[in-house]
Amino acid sequence: MLSTLAASPGEVLTVGDNFLTVGDMSVIRGTCLTGYPTLVDELGGDPDVLLSRAGIRHDDVGRFDAFFTYLALIQALESAAVQTNTPDFGRRLGQRQGIEILGAVGVAARTAGTVAHALATCEQYLAAYSPAISVGLSPLADDRFAFFEFRVLIAHPPAHPQVIELSLGVMLRVLRFLLGSHYAPTVVHLPHDPLTARRDYLRYFSCRPRFGEPRAGFTLATDDLSRQLVRDEVAHRAMLEYLDSVIDRHDPGMITPVSELVRQLLPTGAASQPVIARQFRLHPKGLQRRLAAEGTTFATLVDDVRRDMAQRYLRDTTMTLSHLARELGYAEQSVLSRSCRRWFGSSPTLLRETWRSANQGRALQGMGDLVDP
């Protein structure tokens, strides 16, 4: 039995018997837009028009057995925020979703023994919901805290602050399902500048917001992770067996984990090939061979990560150029300028002005579309 996946207009992706084997794995289940049509309608927009422009069938919204591309999700959310003049659209939609949108992944998480085990289950099996994203729990230097991160895995995504805020909103709802309705993380980290007043974020997340961050996610108290849940061993094992049957466990290769480690280490100046190789228990030449087998080099990966980071910070934040140069691991701002000319054909200052003007132009166009007869 085949299910269809909406992609760009005129393009159809397929999955066989619910097993994710498509060539382009950047897809997500239809439940990711649960509540979207109602919210858009309440805000005065036309959900059918917005969904159609994104290449999403209205009937697929809210369905766990339907898929569409992650880029379509980005377009649907970002255009809705613009056309309804609702800069907190993603956060509002997050209030209408919860652990149930994850399907079997959510069931496996809530039947785990502890909060840490539940989050680890999400980390291991989230690909059954969408191979385009991941979550991860990692320790911090201060062992009283841990970082629960959300990542978008597709290459070079367009600006997507609404998607980030929706995802963090859902993550918060999952944490509150596990830890109680009044649970508050310690800090929420957002990779873009605030879309509304800072107090709105404080009220929504019930914790201190930090903007322009290198990673999206929450700082959590480690004591909370050890809290016991009402474990259901039979249901938990049944869900894990099902999830193991629908997730393609092929070797994902080295490109993604190496790129992620480079991104984390660039600001420290330690993103060198020997350092990265040691993290994977490889000799630098061994890492070089593994990457060559996947058609790339370490230097190419570092350059690609820097390009993505530069674009995101210039487009989505007001970070100073000197600070940005340090985040990219450059010793001098002039190196950033040369790199931007090589990547994008322009200086960082002009790029920021161009991208900001383009965003404002889209916002004005969206408002014009909203009032068109």
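The model on your screen is a predicted one, and its protein chain has 17 helices and nine strands. Of the 373 residues in the protein chain, 52% are buried. If you consider the contacts between residues at least 6 apart in sequence, 67% of them join residues at least 24 apart.

**First stop: helix α6**

Select residues 115–125, which form helix α6, and colour its buried residues, namely Val-115, Ala-118, Leu-119, Thr-121, Cys-122 and Tyr-125. Now turn the view until you look down the axis of α6: the buried residues fall within an arc of 150°, and therefore they line one face of the helix.

**Second stop: the sheet**

Next, show strands β5, β6, β9, β7 and β8, which in that order make up an open sheet of five strands with mixed pairing. Which strands stand at the edges? They are β5 and β8, and because each has a single partner strand, one side of each is left without a neighbour in the sheet. On average, neighbouring strands of this sheet are turned by 20° against each other, if direction is ignored.

Strands of a sheet pair through backbone hydrogen bonds, and the pairing is either parallel or antiparallel. To see the antiparallel sense, select β5 (residues 133–139) together with β6 (residues 145–152), which are paired over seven bridges. These two strands form a hairpin, with five residues between them, and you can find Ile-133 opposite Val-152 of β6.

To see the parallel sense, move to β7 (residues 187–189) and its pairing with β8, which runs over three bridges. Here His-189 is the residue that stands opposite Arg-210 in β8.

Most residues other than glycine have a negative phi. With that in mind, select His-156, which is not a glycine and yet has a positive phi of about 50°. His-156 belongs to the loop between β6 and α7 (161–179), and its relative accessible area of 38% makes it partly exposed.

Then select Ser-206, another residue that is not a glycine but has a positive phi, in this case of about 60°. Ser-206 sits in the loop between α8 (198–205) and β8 (208–210), and with a relative accessible area of 36% it is partly exposed.

Two packed helices are described by the angle between their axes and the distance between the axes. Select α14 (residues 298–316) and α16 (residues 333–344), whose axes come within 11 Å and cross at roughly 95°. The two helices α14 and α16 are therefore roughly perpendicular to each other. Where they meet, α14 contributes Asp-303, Arg-306, Arg-307, Ala-310, Gln-311 and Leu-314, while α16 contributes Cys-340, Arg-342, Trp-343 and Phe-344. Sorted by class, this contact of α14 with α16 has five nonpolar, one polar and four charged residues.

Continue to Met-319, which lies in the loop between α14 and α15 (321–327). Is Met-319 buried or exposed? Buried means under 20% relative accessible area, and Met-319, with a relative accessible area of 10%, is therefore buried. If you leave aside its neighbours within four places in sequence, Met-319 is in contact with Gly-212, Tyr-313, Leu-324, Glu-327 and Arg-352.

**Last stop: Arg-356**

Finally, select Arg-356, which is part of helix α17 (residues 348–371) and counts as partly exposed at 26% relative accessibility. Which residues does Arg-356 touch, not counting residues up to four places away in sequence? They are Asp-193, Leu-314, Arg-315, Asp-316, Thr-317 and Thr-318. One of these, Arg-315, is 41 residues apart from Arg-356 in sequence, while in space the two are 6.5 Å apart, C-alpha to C-alpha.

Terms used:
Residues numbered from 1 in each chain as written. Predicted model: local features only at pLDDT ≥ 70, side-chain atom pairs only at ≥ 80, totals over all residues. Heavy atoms only, no water. Buried < 20%, exposed > 50% of the residue type's maximum accessible area, 1.4 Å probe, protein only. Helix = DSSP H or I, 4+ residues; strand = E, 2+ residues; numbered from the N terminus. Arc of directions from axis to C-beta. Axes fitted to C-alpha atoms, helices over the stretch in contact; angles between N-to-C directions. Parallel < 35°, antiparallel > 145°, perpendicular 65-115°, else oblique. Contact = heavy atoms within 4.5 Å. Nonpolar A, V, L, I, M, F, W, Y, C, P; charged D, E, K, R; others polar. Pairing = 2+ DSSP bridges.
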